[in-house]
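Please keep the sequence and the 3D view open as you go through the topics below.

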Amino acid sequence: MDKFLKIIDKIVIVFASILLIILIGCISVLPIAKSKAFYMKEHKKNNVVEILNTYTFTGESHYQKDEEGNLIKHYYPDYDVNMEIVEIATEHIIDYLYHKNVDSMQFQIDTPEGKIDFFTTQAIVHMKDVKVLFIGGINLAFISLALFICSIIYLIFRRQFVKKSIIKLYSITIISFIILLIGLIIFAIIDFDTAFTVFHYMIFSSSDAELAISFHYYDTLTNVLTGEFFMHIGLIIGITFVSLLALSVIIGKILEKHGNTILNKLLKKQTA
């Protein structure tokens with residue numbers, strides 16, 4: 001029975017470590033992906049207004065396939081886009097990704113030739129897949145938090161038997177993941193285009209991944225959320241993720257060495 005409980009203890013420790021990795025991942029991704037201020041800073045840095053006016057709003061017609069494979073005509077008039085329109089587009093993207101009750105991120109702008117849809121059909125279809133990931137990620141964060149709390153309660157109950165192995169197993173799990181993540185970050189820095197493509201094939205089906213990486217040069221979505229934008233936000237997320245993981249290991253080591261002393265001091269203050 002003791003051997004069985006020890007095996008369960010180790011499984012719970014590793015499971016709790018993985019849950020913490022997921023939670024730290026959500027903390028690293030979800031807030032910055034919802035930060036309008038970050039988006040707008042990137043848009044100015046990447047000259048998004050100039051890109052839209054140079055490649056999209058040129059008075060030309062383009063054709064692309066919809067999700068059924070039918071050719072759809074997209075026409076953007078010769079029109080000067082300003083930062084206000086880019087800001088509205090950004091708000092629609094964020095609201096659509098983070099709210100279940102927002103059905104579409106599409107909106108229209110007034111031009112001398114009449115109202116037109118800002119986003120293409122391909123962009124709308126692709127972002128439906130992205131929204132599934134975001135809403136799923138938010139739900140995963142809450143589920144992981146609940147399971148993590150349950151795991152911690154179990155480990156507290158078994159603290160006399162796991163206190164020698166909990167930090168060791170936790171550190172091994174986290175450090176292994178950090179090494180893997182650093183390798184992925186280096187790969188992305190060296191060849192971002194390949195990393196971007198591989199990432200999409202990993203998280204989407206083949207057809208959805210093809211849709212995601214086949215945007216035309218004139219598409220408003222990819223001209224607002226540029227490659228530079230994804231490179232910068234990816235680096236920030238990666239650095240934040242690795243830093244928080246490393247910090248958690250450091251805190252764990254400190255608690256391992258001085259946990260009893262800290263606990264005793266806190267108890268003395270409460271009884272004083």
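## Briefing

Glu42 is buried, with a relative accessible area of 3%; buried means under 20% relative accessible area, exposed over 50%, and partly exposed in between (1.4 Å probe, protein chains only). This is a predicted model, in which local features need pLDDT of at least 70 and side-chain atom pairs count only at pLDDT 80 or more, while totals for chains, interfaces and linings use all residues. Residues are numbered from 1 along each chain as its sequence is written, and side-chain values use heavy atoms, with hydrogens and water left out.

**The chain as a whole**

- The protein chain holds 11 helices and 4 strands; these are DSSP runs (H or I of at least four residues for helices, E of at least two for strands), numbered from the N terminus.
- Of the 272 residues in the protein chain, 39% are buried.
- Accessible areas come from the Shrake-Rupley method with a 1.4 Å probe, and for residues only the protein chains shown count as cover.

**Salt bridges**

- The count is 5 salt bridges, where a salt bridge is a side-chain nitrogen of Lys or Arg within 4 Å of a carboxyl oxygen of Asp or Glu.
- Glu42 has Lys45 as its salt-bridge partner, with the closest N and O atoms 3.2 Å apart. The two are 3 residues apart in helix α2, so about one helical turn separates them. Lys45 is partly exposed at 46% relative accessibility, whereas Glu42 is buried.
- Arg158 and Asp9 form a salt bridge with their closest N and O atoms 2.7 Å apart. This pair links distant parts of the chain, 149 residues apart: Arg158 sits in the loop between α5 (121-157) and α6 (159-162), and Asp9 in helix α1 (residues 2-33). Both Arg158 and Asp9 are buried.
- Asp110 and Lys115 meet through their side chains in a salt bridge of 3.0 Å, N to O. Asp110 is exposed at 51% relative accessibility, and Lys115 is exposed at 54%.
- Lys36, Glu87 and Glu91 are linked in a salt-bridge network.

**Aromatic pairs**

- There are 13 aromatic pairs, counted when ring centres of Phe, Tyr and Trp (its six-membered ring) lie within 6.5 Å; planes under 30 degrees apart count as stacked, over 60 as edge-to-face and the rest as tilted.
- One of these pairs joins Phe57 and Tyr76 edge-to-face, at 5.0 Å centre to centre and 65° between the planes. Phe57 lies in the loop between α3 (48-56) and β1 (60-65) and Tyr76 in strand β2 (residues 71-76), so the pair ties together parts that are 19 residues apart in sequence.
- Phe57 is buried at a relative accessible area of 1%, and Tyr76 is buried at 2%.
- Phe57 and Tyr76 also belong to a cluster, in which ring pairs link them with Tyr79, Phe107, Phe118 and Phe119.

**Helix α7**

- Helix α7 (residues 166-190) has 25 residues and reaches 36 Å from its first C-alpha to its last, close to the 36 Å expected; the expected span is 1.5 Å times one less than the number of residues.
- Buried residues of α7 are Ile167, Tyr170, Ser171, Thr173, Ile174, Ile178 and Leu181.

**A nonpolar surface patch**

- Leu133, Phe187, Val198, Phe199, Met202 and Ile203 make a nonpolar surface patch of about 540 Å². Patches are made of residues with over 30% relative accessible area and no salt bridge; like charges are joined within 9 Å, and nonpolar side chains (Val, Leu, Ile, Met, Phe, Trp, Tyr) within 5 Å.
- Helix α8 (residues 192-203) gives the most to the patch, with 4 residues.
- Met202 lies in helix α8 and is exposed, at 66% relative accessibility.

**A backbone detail**

- Asn47 has a positive phi of about 55° although it is not a glycine. Asn47 lies in the loop between α2 (36-45) and α3 and is partly exposed at 41% relative accessibility.
- For context, most residues other than glycine have a negative phi.
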